[in-house]
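Subject: Structure for your review

Dear colleague,

Please find below the structure that I am handing over to you. My findings follow it, and I would be grateful if you read them with the structure open.

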Amino acid sequence: GDSHSCALLADRTMKCWGRNKKGQLGTGSADSHETTPVSVSGITTATSIAVGFSYSCALLTGGTMKCWGSNIDGQLGDETTTDRTTPVAVSGITTATSIALGGLHSCALLTGGTVKCWGIAGQLGDGTTTSSLTPVEVSGITTATSIALGGAHSCAVLTDRTVKCWGRNIFGQLGDGTTTQRNTPVSVSGIGIPAPSVSPASRYSVMTALVVTIIIQVQSIFT
């Protein structure tokens, strides 16, 4: 995250450390910080984890998802904008296979290749400029194999090894040859077979051939 870290342990529990002003460590309190790892309350079946800007999420066995921490734009997906110091269930997510967090928005890749996102307006890919407190389906994405989020944009690798991105585009990070904000996914120019890996960082997206995977680094919520 921007100022906290988390680890998934072998027994499927989690520990986090760092800043805790918004409850992003999941301990049940919002202390100033923790300089050593502390256990996240109630997480015992995590299969993967992700951290965003002052919040954290875990994908659980069975495809459900829980999040905690800052919720100013509904990025926890629990139908509120209330910060949470312990994990809460993301509404309607029951078949997730992977998760990714951005600055103030979150996404889940679902069984079957669709993607749902929630949180701040303009990064959800549903064609609107409205924030959502619950997951909404990304328009036109039905064959995704992996996803990644930057500070204010998102990308998906598709089964045909092309990449589509959506959200803020001030630096051209969507790769469509423009700097135009995109509220629905657009194709990244010139990316196809061989398979790319895509790494949307806070201000740009990087494609490399050979491996289909996604690596995420969130450094700023303003890009």
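R84 is partly exposed because its relative accessible area is 25%, where buried means under 20%, exposed over 50%, and partly exposed in between, computed with a 1.4 Å probe on protein chains only. The side chain of R84 meets that of D78 in a salt bridge, with 2.8 Å from N to O. The term salt bridge stands for a side-chain nitrogen of Lys or Arg within 4 Å of a carboxyl oxygen of Asp or Glu. D78 itself counts as buried, at 13% relative accessibility.

Please note that this is a predicted model, in which local features need pLDDT of at least 70 and side-chain atom pairs count only at pLDDT 80 or more, while totals for chains, interfaces and linings use all residues. Residues are numbered from 1 along each chain as its sequence is written, and side-chain values use heavy atoms, with hydrogens and water left out.

Salt bridges

How many salt bridges does a search of the whole structure find? The search finds three.

Another salt bridge joins R182 and D176, whose closest N and O atoms are 2.8 Å apart. Here R182 is partly exposed, at a relative accessible area of 25%, whereas D176 counts as buried at 19%.

A further salt bridge is formed by the side chains of K22 and D83, at 3.7 Å from N to O. This pair links distant parts of the chain, 61 residues apart: K22 lies in the loop between β2 (14-19) and β3 (33-39), and D83 in the loop between β6 (65-69) and β7 (84-89). Strands, such as those just named, are DSSP runs of E with at least two residues, numbered from the N terminus. Both partners are partly exposed, K22 with a relative accessible area of 34% and D83 with 33%.

The sheet from β8 to β11

Strands of a sheet pair through backbone hydrogen bonds, either parallel or antiparallel. Four strands make up an open sheet in the order β8-β9-β10-β11, with antiparallel pairing; two strands pair if DSSP finds at least two bridges between them. At the edges are β8 (96-101) and β11 (132-137), each of which pairs on one side only. On average, neighbouring strands of this sheet are turned by 20 degrees against each other, direction ignored; the axes are lines fitted to C-alpha atoms, and angles run from 0 to 180 degrees between N-to-C directions.

Between β8 and β9 (residues 105-110) there are five bridges in the antiparallel sense. Within β9, A108 is the bridge partner of I99.

The loop between β9 and β10 (115-119) contains G112. Is G112 buried or exposed? G112 is exposed, at a relative accessible area of 64%. From C-alpha to C-alpha, G112 is 7.1 Å from T142 in space, although the two are 30 residues apart in sequence.

The sheet from β12 to β15

A further open sheet has four strands in the order β12-β13-β14-β15, and its pairing is antiparallel. Because β12 (144-149) and β15 (182-187) each have a single partner strand, one side of each is left without a neighbour in the sheet. Neighbouring strands are turned by 20 degrees against each other on average, direction ignored.

Five antiparallel bridges connect β13 (residues 153-158) with β14 (residues 163-167). H153 stands opposite G167 in β14.

Yours sincerely
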